[in-house]
Protein chains: 2
Amino acid sequence: MKGTLRSVSIIGTGMIRFGKYPDKTVGQIAAPAVLEALAEAGASREQIEAIYCGSMISGTMSGQRVARELGMTGKPVINCENACSSSASAFREAWINVASGFYDMVLVVGVEQLTRLGGGTLPMEIEDIEAASGMVMPGLYAMRARRYMHEYGASEKDLAAVAVKARRHGALNPLAQIQEEVSLEQVLQSRTIAEPLTLMQCCPMGDGAASLVLCATEAASKYCSRPVKVLASELTSGRYMPGFRDMTIPEVTVRGSKEAYEMAGLGPEDIDVAETHDAFSIAEFLYYEALGFCGRGEAAKLLREGATSVGGKIPVNPSGGLLSKGHPVGATGAAQMVEIVRQLQGRCGPRQVEGAKVGLAHVTGGGIYGFDHGACAIHIFAR
Amino acid sequence: MKGTLRSVSIIGTGMIRFGKYPDKTVGQIAAPAVLEALAEAGASREQIEAIYCGSMISGTMSGQRVARELGMTGKPVINCENACSSSASAFREAWINVASGFYDMVLVVGVEQLTRLGGGTLPMEIEDIEAASGMVMPGLYAMRARRYMHEYGASEKDLAAVAVKARRHGALNPLAQIQEEVSLEQVLQSRTIAEPLTLMQCCPMGDGAASLVLCATEAASKYCSRPVKVLASELTSGRYMPGFRDMTIPEVTVRGSKEAYEMAGLGPEDIDVAETHDAFSIAEFLYYEALGFCGRGEAAKLLREGATSVGGKIPVNPSGGLLSKGHPVGATGAAQMVEIVRQLQGRCGPRQVEGAKVGLAHVTGGGIYGFDHGACAIHIFAR
């Protein structure tokens, strides 16, 4: 049956600069991103048949709030929550609804307003054993960093170099929350959040929105001179692993990427540009390896060689990634896709990955209860 | 393209008795419902390819928490939020994923733990003008009740009779939160919540879970001797209506039901049994009319004649409805479907609607910002 699915393409993208917008509503944050995506697609609000909204903690009925803001009410709206993978999950549902032929054109929007929280780390549940033990995200990634350094001889400087690269890319992205280069010394000297992770190795708190318009590939050229095809849309959740687990192997990303590559009929060597979930510096190293961009223990070397910088063999996070572009949770998955689509369309100016034909977006989140991660979404796109 | 969708059937249902379970986790509340649905389907946890979870305010990653509780981790999990329509929205996504051929067997679970809130009405957003004006749900429905009484001459006794019927049906349902018949006098004499609505005309606060297993109809008889087909799966959102609107016409249900009937190729006269969103007594009257079970202003008469009682022409809410069965928000849509499926399978004992062949489940919720309702889902099923 899977053979009867239609090919789906992205015909419009929109995104606001990530930042802190505590005085706006969720609808006001999302509206410019949606309007930009519609304008790029040359599609009217009436042509959108359904709205798929991803958001984690910005209140109930986020999609309806966005629709209200834009005069797009009266359509089916599905709100998806999957922690950091919320809007990538919304995209996945949008994709199958177009691929199945049920809808011809739909809108995806990811939006989050973390400034509602008043700072601090994300809320966890009292039943989450790890969170109750103090192992919130920075602590969890700090342990992963220590173990990785122990196993593979990576240094604190290697970790800090991830943030230097992120900031170098982010400085070229007018939509990044932080657009300022930093030196290795500055990263190392910023205050410690969870040893060995310093402030600049942790993604900032912020608000944001990103949006995409999808339609069947067969109709895409009517709307867009450079549509981008969805080659793979993969979503999975982590396996619960009581007892020992190797914290340097993100099982859900390893498994999810295998399935995504299989769906696309491609391998890691075919990826020209990737956005990965670098919520912390060490995360980027773990995902280089989990996504197959290098072997186990080779991530620091890959970075050192410049392979993952713009101009390198496999540029990762040309947008600045979560570390520099920001990480308004529910908006992140959609924002990664916006970057990849624009890279494949050759529209990224000084941070453009030359000749990029195939791109990958990887997002993973919601580490609860001994899960590696509760939801991981990997999408592969091609021009 | 819609012609290429596969027919989908329900092969397993599960539900716990709705009630107050403040000491349990979300996973613990949902687990028995899921296990029952799997057992009915004769399906193993391994056969489930994806989990669609609906919940409104029970915390992030509800579906992953349920999966963790049951040893079902490592599968795709999508969490849908659409206020009262959350698990009906999750069902809708589950349905299209099977109908498209992407998955062969999936699980739907709706779960909510309202006791987390410590009582009171549902949280609204500060930006919701109506909520800020004090027009929370009981107030909104009270206004609708007054207008309806004014327009059509319905009396306070007519409204109270909805609760009497709900309690009469609920007393026959071992899964209802409240299983106690009441007299018209008791309903009228219970304390006023929002005039003219008394306590017994408002659904109770509670926790609960319900679950369904879906597969392609072509494979359903392998698992279930009495599979139930999905004839229509309709989801839409309300239209924003500034200025005057007739509060006695639930526009989203009128429009949604038309689309659902069209998808099923049926009309209201073909429905043998229905579960509707009777969060307040007046709501049931409005939905009789919106769903086409009677003409405008005829709802009280329809009830008085006994047409909507078990044994009548079009029994509505044989489960006891939200008023008696309870309304743990995210669980409600799935619970309605469980009732309809079991009615169509002839398994409902003293509240069985004899010979029921076609059933309808209607859920609507999230009234924000001048919306009639933010999300309405209508499903039509047949044996």
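Predicted model: local features only at pLDDT ≥ 70, side-chain atom pairs only at ≥ 80, totals over all residues.
Q: How do you know that the two copies are related as by a two-fold rotation axis?
A: Chain B can be laid on chain A by a turn of 180° with a shift of 0.0 Å along the axis, and the RMSD is then 0.0 Å; the two copies are thus related as by a two-fold rotation axis. The same surface also serves both copies, since 100% of the contact residues of chain B recur in chain A.

Q: What makes up the side of chain B that touches chain A?
A: There are 47 residues of chain B in contact with 47 residues of chain A, where contact asks for C-beta atoms within 7 Å. Helix H2 (62-70), strand E3 (77-81), helix H3 (86-99) and strand E8 (228-236) of chain B each supply at least two residues of that side, and by class it has 20 nonpolar, 18 polar and nine charged residues.

Q: Which residues have the most contacts inside the largest nonpolar core?
A: They are Val109(A), Val213(A), Val109(B) and Val213(B), in a core of 267 residues. Not counting residues up to four places away in sequence, Val109(A) touches several residues, among them Ala30(A), Val34(A), Ile51(A), Cys53(A) and Ala334(A).

Conventions. Residues numbered from 1 in each chain as written. Chains lettered and ligands numbered in written order. Least-squares fit on C-alpha atoms with pLDDT ≥ 70 in both. Contact = placed C-beta atoms within 7 Å. Core = buried A, V, L, I, M, F, W, Y, C linked by C-beta atoms within 7 Å. Buried ≥ 20, exposed ≤ 12 C-beta atoms within 10 Å, placed from the backbone. Helix = DSSP H or I, 4+ residues; strand = E, 2+ residues; numbered from the N terminus. Nonpolar A, V, L, I, M, F, W, Y, C, P; charged D, E, K, R; others polar.
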